[in-house]
Amino acid sequence: MLLLLALAEVLFWGTEIQLPGQLTHTVRLQLNTPADVARYGVVTVPYSPTRGQTLLGLRAATVLPNGHRLPVPAEAIFDTAVVKRGDHEQRTLSWAFSALEPGAVVEYEYTECHADGLPLPLRLPLQRELPVRSREVTVPAGLLAHYRNCQNCRTHLPAYREEPDAPAGGLAIVEITLPPETTWSALAAELAARFEAELASAPVAAPGDLETLAELCRTRIQNVLYRTDNLTLRGAPEPNPTPADTWRRGYGTPHEINLLFAALARAAGHQVFYAQVVNRPDLPDPSQLQSELIAVRQPHGYAFFNPGVPYLSAGLLDFDEEGRTALVATPAGPEFVTLPRSSTCQNRTERTAHLLAQPDGSVHGAITLTYSGHAAALRKRRAERQSPAERLAALRQEFPGALIENVEIENLALPAAPVRIRFQVTVSDYADRSPRRLFFPGRFFARFASTRYPAAGRTQPVEFPFAFSVHDTVTLVAPSGHQRVFHRGLEQERLRYSPAEFPELYQKWVTFEDAGREVFLMERLP
Amino acid sequence: MLALLLLTSWFQEVASAASPMGADAHVLLREESVIMDQTGRQTITTRGVVRILTPAGAHHARAGVAYDSAAGQLLEFRAWVQAPGGEADEIDPQEFVDRPLAPAELHSPLRQRQIEANAPPGSVFFYQSTVVAPAAFPQVEFEFQESELPVHLSRFRLSAPAGWEVQAISFGSSPHRAGNTWELRQLPARPAQLPRLALTLLPNQPALPRFATWSDVAGWLATRSDAAAQPTPPVIAQAESLTAGLTTPQQRIQALAAYVQGLRYVAINQNLGQGGGFTPAPAATVLSRGYGDCKDKATLLRALLRAVNINSWLVATNSSDRARVRPEWPSPRVFNHAIIAIEAPSGLLYFDPSDPHHALGGLPPALQGAPALFLRSGASLAMTPEQAGAIERQITLRLEHDGRVSGKILETAHGSAAAATRALVAAEMYDSYLSSRLGIQVTQLKIQDSFPEDGLHMYVEYEQAAPVATAGPLHVWKPLLPWLELPGPVAVNETVTIELHPRWIVEEMPEPVQSASFSGAWFLEDGKLIINRQLRPSSAGVIPVERLPIVLRQER
């Protein structure tokens with residue numbers, strides 16, 4: 001028997017929106033194989049009573065290939081509290097379809113009720129992990145539907161699978177909104193007015209250029225949102241009414257720190273404006289506004305700052321903000337500006353290994369890892385949530401099979417400084433051994449990297465969250481009793497986690513330095 | 001304050017105990033008290049005190065209690081943290097999280113409530129819970145030590161109705177017993193075997209079962225399951241339909257087993273307090289639903305077999321921890337899985353209808369050579385058979401002049417080896433699994449599966465871009481692919497034939513490698529490299545000869 005696995009297919013997927021707060025979902029699913037039956041024979045629908053959600057009118061049935069219809073009886077539908085914590089409760093309705101066999105269709109329908117009205121803007125997916133033959137979204141008068149990421153959004157939508165490091169916004173969705181009740185001009189005016197009101201306070205000033213001021217805000221002011229001992233803001237200190245209070249008290253929320261930076265920059269004579277990342281510039285609505293920035297007028301445009309985000313070195317925005325559109329709320333009206341991206345040089349990883357080869361094929365030596373820019377910020381944020389033991393365990397996971405000792409980690413708490421990690425490493429069985437020779441691969445760090453994106457089955461392109469570069473230097477000393485008879489730089493090779501099937505994208509985002517990548521051949525001395 | 005002190009006198013009993021060096025946290029008290037009434041119903045009070053010693057030990061400031069939300073009740077669950085030098089603060093009940101105990105099951109009344117406290121080094125976390133639990137039979141277990149932490153005092157107390165005999169067996173350590181209280185002190189971290197106490201109560205009334213022997217257990221379980229295996233008219237009709245035209249018992253068994261194996265595994269647990277966890281749904285119900293859990297599916301197969309006059313028995317096993325089944329403690333509690341044993345002309349056939357990938361007559365590795373109990377009166381504990389899988393593999397490779405490698409693999413797998421491949425194929429992960437684990441690019445994959453008969457044939461074509469490393473005048477190549485993780489004992493016979501482009505000259509080959517269970521040898525024959533490696537079924541590790549290189553030189 002030759003195995004041919006045909007995908008199941010969603011024949012129909014309907015969502016009918018009824019005001020003030022109901023969504024009726026209808027799904028018909030064709031199952032073609034035993035694997036489909038095993039995978040899609042049980043359905044679980046989550047809902048949150050805490051958020052005023054209820055599920056009503058659930059009907060489900062199996063339609064056998066001969067057309068016979070077997071409804072799922074009410075007693076076979078289970079309502080389960082999957083998480084209860086205090087007043088918060090998350091529940092599911094779940095059931096198994098009866099008498100399923102390949103060729104059967106399963107269908108179900110239920111109404112999702114929102115006691116507080118529809119949570120607008122409402123984003124409804126048009127794709128799922130199976131291809132969808134027909135997708136119907138019924139929108140009542142008074143609401144607008146904005147279709148995104150699809151050419152034909154109603155029929156024959158391909159399957160969509162979540163994959164690591166896929167570009168954001170790949171999933172076809174429809175966004176349901178109220179008709180715009182405002183304009184970007186009005187919103188910008190409102191933002192600018194609020195910003196000016198918040199800045200109008202006791203003056204605060206400090207010497208230095210803009211980068212120095214941003215650094216000062218990060219280092220001098222404790223960021224209460226990111227406090228390591230209080231991530232949930234439980235028992236958060238009193239809010240700061242003015243930037244001067246933030247300056248005086250030495251702590252602040254990200255917004256208060258940004259305001260302080262704006263006040264300092266203005267005091268230094270700069271033209272300063274409030275800005276926010278905009279999700280969709282074509283949809284003037286407050287819900288489209290995302291993270292905030294401070295824009296400082298430059299001779300040819302703006303420089304943007306966000307010192308409310310900790311651990312960013314000079315010139316960097318949060319990597320989620322890079323390349324996005326920002327609305328700058330100037331008194332003259334809104335300006336839409338594309339935010340700059342950081343470069344591979346700014347987000348640099350340097351890995352240095354000084355290793356002594358052993359006659360038994362193992363190596364021992366010192367490793368130094370240095371991370372800057374976003375590469376450093378990611379490590380610093382992760383470290384906030386880790387105990388020293390967890391940091392050590394995480395480091396050991398990066399070097400599977402190696403013995404790691406005497407670990408020193410520097411600069412985790414310093415906002416702009418590179419993170420430096422030093423340790424001693426021993427790797428057994430590192431060399432390839434023939435009866436007469438030892439071959440020590442120079443690609444020391446590549447040994448510990450696994451393939452990050454298996455080529456088979458990948459459906460979406462790879463997009464790294466920010467541009468970065470990796471520079472490796474490996475020095476290997478021959479063991480006693482051996483002579484190094486040869487070493488030479490290998491031909492340039494891709495990083496192990498480079499997706500071979502997307503070389504263009506990879507090269508666009510990553511630079512690569514070939515120094516030190518050698519195979520060392522050593523022979524026993526006579 | 002007085003109430004708290006009274007409540008936590010057990011806390012005061014251990015609060016000043018010294019902690020050992022080097023531990024991240026120290027369990028000062030682990031205590032359980034069970035009061036059993038005449039019906040077997042248990043009121044269980046659990047207490048724990050944990051001192052946090054290092055930041056890494058902070059996550060040990062947690063506790064959880066399981067309860068039956070339908071037939072039982074969680075009466076109380078409270079927890080406190082005493083900061084270093086401070087007073088005990090009770091944790092807000094709003095911080096407790098309640099979840100299903102077995103989220104993978106479609107429905108189960110079993111739930112668990114948990115608390116994870118914020119307890120800095122030097123602080124002490126302590127808790128108390130009380131649960132009322134119905135019990136279908138009067139047996140109790142207690143683990144003196146749960147985690148990798150050292151324990152200062154671990155104690156179990158039992159209060160049984162007057163006149164009931166209490167039989168106690170301990171595993172891993174011998175606790176001090178005073179009446180119906182058992183105690184262990186100063187338990188080191190990470191013992192080789194977790195100390196455990198197993199109690200059987202022999203009631204003086206006939207309403208509750210008495211488990212003095214395995215035969216008692218088998219009889220009790222059989223009583224709960226036999227009725228469900230009666231073939232009703234729809235079951236008989238289905239059996240006749242599935243076996244129409246089949247002439248031999250083996251063919252009929254094969255057909256019925258394949259049918260039930262094809263039904264979905266869906267677990268719905270109800271009436272656990274009345275032994276529902278050991279009671280299958282009636283065969284006719286499972287047939288009409290088209291799904292069931294392990295005991296449901298095995299029982300439906302029993303009914304179908306009975307409809308065509310073939311004998312079979314349910315067999316209780318433990319699929320995740322066979323060491324829990326101890327001959328000296330007869331109990332249904334130690335089993336978590338049901339399979340079937342079928343009386344076939346060739347002998348007894350064991351079969352797990354819940355495993356979709358093993359053919360009839362083959363058991364998953366976790367169930368091979370494992371203790372098992374036939375559910376029939378008079379049965380004693382038996383062992384399931386061991387059945388090594390087998391792989392016969394031929395690989396042909398060609399090393400091109402530029403170092404590229406193209407290869408072909410022809411493989412036949414049997415038993416658990418075939419089932420492991422089948423599972424990956426069913427999950428549509430097989431080619432990506434091969435690519436990522438072997439470091440190759442699969443260009444063609446064909447599988448011919450004899451399922452539900454045993455045997456799976458696979459043909460793979462693959463390429464490797466640049467497997468040959470250059471070291472001056474020499475070139476290093478490791479032509480063998482690493483062996484994939486083997487599913488239990490498997491015999492492997494692999495022959496690799498390598499054709500070298502005439503530019504390549506073999507400078508050096510590995511020496512033969514041999515151990516009790518493994519052998520590998522390299523030959524140069526008529527310009528071809530031939531490598532053979534064999535593994536006999538064994539639990540011994542595989543020697544990674546795929547890491548041994550062949551040294552080549554290129555002709556100018």
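The model described here is predicted.

**Confidence and overall make-up**

The model has an ipTM of 0.86 and a pTM of 0.82. For chain B the average pLDDT is 91, and 97% of the residues score at least 70. The C-alpha atoms of chain B occupy a box of roughly 95 × 70 × 40 Å along the principal axes.

The table lists some items for the two chains.

| Chain B | nine helices, 33 strands | 45% of 556 residues | 68% |

**Domains**

Chain A is split into domain 1 (9-177), domain 2 (184-338) and domain 3 (348-449 + 466-524). Between domain 2 and domain 3 of chain A, 13 residues of domain 2 are in contact with eleven residues of domain 3. On the domain 2 side of this contact in chain A, seven residues are nonpolar, three are polar and three are charged.

In chain B the division is into domain 1 (2-202), domain 2 (214-383) and domain 3 (389-554). The C-alpha centres of domain 2 and domain 3 of chain B are 39 Å apart. Eleven residues of domain 2 of chain B are in contact with eleven residues of domain 3 of chain B. The side that domain 2 of chain B turns to domain 3 of chain B has five nonpolar residues, six polar residues and no charged ones.

**The contact between the chains**

Chain A puts 46 residues into the contact and chain B puts in 44 residues. On the chain A side, the elements that each supply at least two residues include helix H1 (34-40), strand S6 (78-85), strand S7 (88-96) and helix H7 (388-398). Strands S25 (432-433), S26 (437-441), S28 (482-489) and S30 (518-524) of chain A also each supply at least two residues. The most comes from S6(A), which gives seven residues. By class, the chain A side holds 29 nonpolar, nine polar and eight charged residues.

S6(A) is also joined by two bridges to strand S6 (residues 97-100) of chain B, and these strands run antiparallel. Within S6(B), B:Asp98 stands opposite A:Lys84.

**B:Tyr291**

Which residues does B:Tyr291 touch, not counting residues up to four places away in sequence? They are A:Gly41, A:Ala96, B:Leu263, B:Arg264 and B:Val266. The C-alpha atoms of B:Tyr291 and B:Val266 are separated by 5.8 Å, although these residues are 25 residues apart along the chain. B:Tyr291 belongs to strand S16 (residues 291-292) of chain B. Is B:Tyr291 buried or exposed? The cut-off for a buried residue is 20 or more other C-beta atoms within 10 Å. B:Tyr291 has 24 other C-beta atoms within 10 Å, so B:Tyr291 is buried.

**Helix H7 of chain B**

Helix H7 (residues 294-307) of chain B has 14 residues, which at 1.5 Å a residue should span 20 Å. The end C-alpha atoms of H7(B) are 20 Å apart, in agreement with that span. Because 13 of the 14 residues of H7(B) are buried, the helix is largely enclosed by the rest of the structure. Just after H7(B), B:Asn309 has a positive phi of about 65 degrees.

**Helix H8 of chain B**

Helix H8 (residues 416-426) of chain B is mostly covered, with eight of its eleven residues buried. The buried residues of H8(B) are B:Ser416, B:Ala417, B:Ala418, B:Ala419, B:Ala420, B:Thr421, B:Arg422 and B:Val425. What do the buried residues of H8(B) pack against? Their partners in chain B are strand S22 (389-399), strand S23 (405-414), helix H9 (430-438), strand S24 (441-449), strand S25 (456-464) and strand S28 (490-500). Just after H8(B), B:Glu428 takes a positive phi of about 55 degrees.

Conventions: Residues numbered from 1 in each chain as written. Chains lettered and ligands numbered in written order. Predicted model: local features only at pLDDT ≥ 70, side-chain atom pairs only at ≥ 80, totals over all residues. Buried ≥ 20, exposed ≤ 12 C-beta atoms within 10 Å, placed from the backbone. Helix = DSSP H or I, 4+ residues; strand = E, 2+ residues; numbered from the N terminus. Contact = placed C-beta atoms within 7 Å. Domains from an automatic or database assignment. Nonpolar A, V, L, I, M, F, W, Y, C, P; charged D, E, K, R; others polar. Expected span 1.5 Å × (residues − 1). pLDDT = per-residue confidence, 0-100. Pairing = 2+ DSSP bridges.
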